[in-house]
Amino acid sequence: MHFLSRLFVVCSLLVLSVAIPWAAAESQDAASPSSSTPPITPVPLLLTPVATPDALPALPTLQDSQSSRALARHGERLVSANMDSDSVTVIDTTQRRVLAEIAVGDDPRSVAITPDGRYVVVTLRGDNALAVVDLDAAALTAVYPVCPMPYGVVTDGRRAYVSCFASDQIAVVHLTTGETLYQVETPNAPAALALSGEWLLATHFYTGQVTVLNVRRTPFTLGTVEVEVDGELAGSIVIDPTGSKAVIPQTRTGLALVSLQYMQDWFPVISVMDLVGMRGVREARLTLSEGDERAVSMPFDVAISADGRTLYTVLSGSDSVAVIDADTGRLETLIPVGVNPRAIVLDGDRAYVLNALDGTLSIIDTAARTVQEVLQITELPLDPQLLRGKVLFHRADGMSDGSISCATCHFDGGMDARTWINFRSGPRNTPILNGAAALPPYHWSGEMPELHSTMEDTIRSVMSGAGLVDGVFDPSQGQTYAGRSADLDALAAYVASFGALQSPYRAADGSLTDAAERGKALFMSDALACSRCHAPPRYTDLQQHNLAGAVFSMEVYGAFDTPCCAAYGRARRTCMTASRGRWTNCCPAPTPRTASRPG
């Protein structure tokens, strides 16, 4: 037997040996969904085996690199992507004033400026498109359809390279014609990009992997490196000044452990990828939670000083910038900035920080390590209650001990592809929130009748927060909590705003493809009987079903609420409820499209 196969079998047996006794113990409380969480039996740590069948060849030194982010600088001009205002803002960094705000389309996420400084390209997540803006004219010149949920973008001036978050591809777009020249298949959820010459690096948002592509002519994938085996929320990748390594701010979630519990398995880190050895360097990892007594949340972007000795990391869940000594790994200070910082760029002794949820730009004096000035660069058009709810959703302080926020598991209303064990009803996969508010009761077991009480319960019993409602909270008494807290009402309003998503597997005009029509016929057929429980138009029968003893499940809890299948095309863990075997799925994810050159 091949060595890796033997290793997989041994690890699988170890998982079963510790999981099966849990299932037996859990059955004692199966009849009471409102009972307290049973004590967790201590188990030995089980490290997930990581192996690359063939070592990837070393990359050359990567100089003059460009990273995708919501903020880009060229000379004296700075451009921000304003996701809630559907615009980009052009800022003069010398005069420290806004030159123009330009409407571009729905939900801009990343911006990249062409090397000549004339144009900025913008990913429009909500429009599945790429926008091109003429900076001299301060005008939108083109919008090109590109792919489902475009996220990161970088450009060499002739072509733009776009990460297609929902279709698991890198798209190569001709900037003059708007033609999508190539679509390169990748692992799940490509997100942040870094470009240097003919080499392109792409993170994967939920896995801690980095895919390496050569884009000199016809792009091809060199391979994928397991940089951080349990990493997620990898929204940025930056190549350091030596050109020999890349750093990735992200969050580790303890997948190397047998089970996951909130407040035990969150590790904000800056991971390091060796571009010569083509591997993740565990000993070089910077662990932010060990550098300061205060908990921090969601490192999302990073900028590196010219000498490579200092890292500036935005902490999106903590509304601050962490200043880190790259040599010692010590977190030297936290600089408070605006609400939900998403991007940072350096310019000499200044750092510019984009604060997504108050529409400001913080200008930091890096020598004094203080904010010098704050510019208002856009007015957020959100209803005040909705904006307040969005701020609470993304903030860790007050919602937990400062380590996690709602967005940590449900970024953009999505799900983190993890199973967590400390819910009162048993281990549970993180569900996607899109459209979920309209389908009570809540949780996999359907034991929570109200959205407000569901969220308050999660904040208190799962995230270990103080809660948003004053006084005693007891979800087992069937009380309603709507109207008892302005903040809880705001949070509920924001969660309810996550609408259903269009599938990336539909045609460009929204119609079903031929393959989808065949799938629909099978879905509705008596042979498969999928539609008996997942009937359109809601794709749920709003009933509970006993799944105990099903062949695909190790779950012993009695009844489960039928989930809505509408969002599964974009979910990273499909329709399985809680399972001790975390990698079990009862509905396989759709097969991705074949790599191709369009047309």
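Trp-199 stands opposite Asn-214 in strand S16. The two strands concerned, S15 (residues 199-204) and S16 (residues 209-214), run antiparallel and are joined by five bridges; strands are DSSP runs of E of at least two residues, helices are runs of H or I of at least four, and both are numbered from the N terminus. The model is a predicted one, in which local features need pLDDT of at least 70 and side-chain atom pairs count only at pLDDT 80 or more, while totals for chains, interfaces and linings use all residues. Residues are numbered from 1 along each chain as its sequence is written, and side-chain values use heavy atoms, with hydrogens and water left out.

S15 and S16 belong to an open sheet of five strands, in the order S1-S14-S15-S16-S17, with antiparallel pairing. Strands S1 (66-67) and S17 (220-226) stand at the edges, each with a single partner strand, so one side of each has no neighbour in the sheet. Two strands count as paired if DSSP finds at least two bridges between them.

Ser-65 is found in the loop between helix H1 (3-26) and S1. This serine is partly exposed, at 31% relative accessibility (buried means under 20% relative accessible area, exposed over 50%, and partly exposed in between, with a 1.4 Å probe and protein chains only). Leaving aside neighbours within four places in sequence, Ser-65 is in contact (heavy atoms within 4.5 Å) with Leu-195, Ser-196 and Ile-239. The C-alpha atoms of Ser-65 and Gly-243 are separated by 8.3 Å, although the two residues are 178 residues apart along the chain.

Ser-271 is buried, with a relative accessible area of 1%. Not counting residues up to four places away in sequence, Ser-271 touches Val-227, Glu-228, Ala-246, Val-247, Ile-248 and Gln-250.

The aromatic residues come next. Twelve aromatic pairs are found in the whole structure; rings of Phe, Tyr and Trp (its six-membered ring) pair if their centres lie within 6.5 Å, and planes under 30 degrees apart count as stacked, over 60 as edge-to-face and the rest as tilted. The rings of Tyr-151 and Phe-165 have centres 5.8 Å apart and planes at 35°, so this pair is tilted. Tyr-151 is buried at 8% relative accessibility, and Phe-165 is buried with a relative accessible area of 11%. Tyr-151, Phe-165, Phe-205, Tyr-206, Phe-300 and Phe-411 form one aromatic cluster.
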